[in-house]
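Here is a short briefing on one protein chain. Look at the model first, then work through the points below.

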Amino acid sequence: MTDPRLIRNFSIIAHVDHGKSTLADRLLELTATVQKRQMKEQLLDDMELERERGITIKARAVTMDFPAPDGNTYEINLIDTPGHVDFNYEVLKSLQACEGALLLVDASQGVEAQTVVNAHLAEQAKLEVLPILNKMDLPHARAEEVATEIEDAICIPAEDAVPVSAKTGKNVDKVLTAIIGKFPPPTGDVNGKLQALIFDAVYNDYRGVVIYTRVFHGTLKKGDEIRMLGTVIDHEVLEVGQLRPKMTPTAELHAGQVGYVIANIKQLSDVVIGDTLTHQDERLRCEPLPGFREPKPMVYCGFYPTVPSDFEYLRKSLEKLRLNDSSFTYEPETSDALGFGFRCGFLGLLHMEIIQQRLEREEDMDLVQTAPTVHYKVRLSDGVIKEIHSPSDLPDGSMIEDYLEPMAAINVVVPTEHIGAVMKLCTDRRGIYVKTDYYGQERVMIAFRMPFAEIIYDFHDHLKSATRGFGTLDYEIEDFEESNLVKVRILVGGDEVDALSFLCHRDQAEGRGRKILKQLRKDIPRHQFQVALQAAIGGKFIARENIAPLRKDVTAKCYGGDISRKRKLLEKQKEGKKRMRQIGNVEIPQKAFLSVLRSSDETK
């Protein structure tokens with residue numbers, strides 16, 4: 001049994017692309033956890049999408065052994081975290097299982113928006129935070145200035161900050177020594193009642209649900225009868241072990257350790273992330289841990305199988321993904337245009353894109369995805385407030401007293417020369433200026449209050465363009481505010497298509513409606529009859545486009561002769577097209593449903 005005093009549990013937190021995964025690689029190399037011949041860059045980012053995009057999506061845990069200068073061998077448990085704002089919930093889960101956090105800051109770029117947010121999350125979890133200045137091998141690294149920025153922005157003393165280069169491995173051994181010296185050991189009682197936190201889980205086709213857990217008190221071993229306090233379901237433990245980084249069975253997991261549990265769990269609903277594991281025996285049962293704050297979905301969109309018979313398979317695929325990523329929600333819905341599907345909620349646009357691509361790659365699903373919308377509320381005439389996840393949820397217009405839209409507090413960190421560009425970008429999108437904070441001489445954090453609907457589509461892209469790539473963004477939903485919103489209905493061939501309808505501010509309705517119709521005209525193929533595309537608010541049409549019919553040259557066989565013969569053939573064709581239009585159905589391809597998204601990008 002490892003002495004709990006020789007265990008350290010920590011996370012690496014940082015802004016996206018500041019070098020978390022590279023530092024984790026060097027730590028794995030330095031502790032000889034992975035053989036050199038098995039080593040590859042970003043080893044813990046084992047998902048195909050992570051390697052393709054160069055970002056961390058899922059938190060990963062790994063156990064390392066480090067022979068310290070004091071003669072002891074320490075067991076170090078690293079729980080890696082993502083850096084993008086859309087995966088904030090993964091960071092929150094990881095911090096709950098740790099006693100310390102390495103705050104990694106790029107010495108060339110300095111403190112970014114997500115750096116500040118992650119540092120505050122660590123402070124709320126009452127963790128010891130150690131600043132690390134990474135990328136010291138770059139010629140334009142600014143160690144002293146960045147240390148000052150850390151003190152100004154996060155109020156953490158930075159005189160102990162360790163300057164490292166994760167790429168070259170310089171000073172990484174000092175990071176391990178600092179982890180041992182600065183971070184406290186776990187305080188759990190090895191002989192107490194079993195109390196373990198489920199911080200993640202994955203589904204294995206052969207072994208069922210594999211639970212990733214941090215043991216706070218007691219001991220867990222093979223053959224134990226365990227109970228999950230949230231779901232009140234009992235199982236027998238078949239195997240326990242640690243992640244080094246592959247699953248390695250051990251005799252037991254005791255207080256302070258991080259590892260996995262296999263208990264032949266076949267029902268995915270039996271496991272809830274944030275639940276507490278304990279013994280089944282009532283005399284050995286503990287109190288539940290506080291768990292995690294439930295994430296609130298910010299962006300909603302519909303997923304529909306292209307083949308209606310795949311609906312149940314899509315449900316199972318979503319259930320499996322939900323186990324691995326508990327920050328998204330789904331519920332069944334039906335659409336007149338698309339049939340049966342699911343209305344899914346996500347933390348952001350990138351989160352939505354990642355889930356869609358994981359469904360297509362890992363589960364081999366063929367999906368139609370509707371354009372994303374944010375979560376609105378309406379106050380009805382009887383005073384009841386109703387939540388709206390899609391325009392089809394809206395009650396009759398005569399019953400609606402007020403529309404309420406979500407407002408976000410956004411923080412933008414930029415170099416001082418780009419303040420004017422950021423101010424213009426935010427005010428153009430109905431943003432209200434709040435305050436400005438300076439970090440050192442060259443960087444500034446500007447706070448705005450802005451409708452969330454103005455952020456989700458392309459705000460980040462425009463911010464990067466306006467600030468030449470130096471601007472970084474973080475946002476948090478604060479509350480709902482009354483707004484002059486309208487529902488814009490899109491009609492194709494006279495029939496309303498609920499999947500294309502959207503909610504927006506009245507001032508933007510006509511412009512967005514025209515953009516969408518122009519895009520639909522390109523995406524919907526021509527038919528044998530004219531197809532009318534219309535945008536309407538209530539009963540008033542605000543825009544129209546026509547898709548011209550395909551035309552066969554019926555007069556091609558006429559060589560000269562009387563004009564009346566040609567006219568007769570054209571009249572006959574016209575009559576046929578008239579009948580066809582009365583009974584014809586318009587085929588709408590999948591890419592047309594994303595026209596709503598593309599047109600909003602162009603509107604700005």
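Ile-12 stands opposite Asp-80 in strand β3. Strand β1 (residues 7–14) and β3 (residues 73–80) run parallel, joined by six bridges. Strands count as paired if DSSP finds at least two bridges between them. Helices (H or I, at least four residues) and strands (E, at least two) are DSSP runs, numbered from the N terminus.

The model is predicted: local features need pLDDT of at least 70, side-chain atom pairs count only at pLDDT 80 or more, and totals for chains, interfaces and linings use all residues. Residues are numbered from 1 along each chain as its sequence is written, and side-chain values use heavy atoms, with hydrogens and water left out.

**The mixed sheet**

- Six strands make up an open sheet with mixed pairing.
- Their order is β2-β3-β1-β4-β5-β6.
- β2 (61–67) and β6 (162–163) are the edge strands, and each pairs on one side only.
- Helix α1 packs on this sheet and touches β1, β2, β3 and β4 (100–106). Contact means heavy atoms within 4.5 Å.
- The direction of α1 makes about 150 degrees with that of β1. Axes are lines fitted to C-alpha atoms, for helices over the stretch in contact, and angles run from 0 to 180 degrees between N-to-C directions.
- Strands of a sheet pair through backbone hydrogen bonds, either parallel or antiparallel.

**Strand β4 and its partners**

- β1 and β4 run parallel, with five bridges between them.
- Ile-13 stands opposite Leu-103 in β4.
- β4 also pairs with β5 (residues 128–134), in the parallel sense, over seven bridges.
- Ala-101 has Val-129 in β5 as its bridge partner.
- How much of β4 is buried? Seven of its seven residues are. Buried means under 20% relative accessible area, exposed over 50%, and partly exposed in between (1.4 Å probe, protein chains only).
- Both faces of β4 are covered. One side has Gly-100, Leu-102, Leu-104 and Asp-106; the other has Ala-101, Leu-103 and Val-105.

- Helix α1 covers residues 20–30 and includes Lys-20.
- Lys-20 is buried, with a relative accessible area of 5%.
- Lys-20 and Met-228 lie 208 residues apart in sequence. In space they are 33 Å apart, C-alpha to C-alpha.
- Two packed helices are described by the angle between their axes and the distance between the axes.
- The axes of α1 and α6 (residues 172–182) come within 10 Å and cross at roughly 85 degrees. That makes α1 roughly perpendicular to α6. The cut-offs are under 35 degrees for roughly parallel, over 145 for roughly antiparallel and 65 to 115 for roughly perpendicular, with the rest oblique.
- On the α1 side, Leu-23, Arg-26, Leu-27 and Leu-30 meet Val-172, Asp-173 and Leu-176 in α6.
- By class, this contact has five nonpolar, no polar and two charged residues. Nonpolar means Ala, Val, Leu, Ile, Met, Phe, Trp, Tyr, Cys and Pro; charged means Asp, Glu, Lys and Arg; the others, Gly among them, are polar.

**The antiparallel sheet**

- Eight strands form an open sheet with antiparallel pairing.
- Their order is β11-β10-β16-β7-β8-β15-β12-β13.
- β11 (233–236) and β13 (247–250) are at the edges. Each has a single partner strand, so one side of each is left without a neighbour in the sheet.
- Neighbouring strands of this sheet are turned by 40 degrees against each other on average, direction ignored.
- β12 (residues 239–243) pairs with β13 in the antiparallel sense over four bridges.
- Gln-242 has Thr-248 in β13 as its bridge partner.
- Helix α7 (residues 311–324) lies across β7 (195–204) and β8 (208–217). α7 runs at about 145 degrees to β7.

**Helix α8**

- The buried residues of α8 include Leu-349, His-351, Ile-354 and Arg-358.
- α8 (residues 349–362) should span 20 Å at 1.5 Å a residue, and its end C-alpha atoms are 20 Å apart, which agrees. The expected span is 1.5 Å times one less than the number of residues.
- Just after α8, Asp-364 takes a positive phi of about 55 degrees.

**The whole chain**

- The chain holds 13 helices and 32 strands.
- Of its 604 residues, 55% count as buried.
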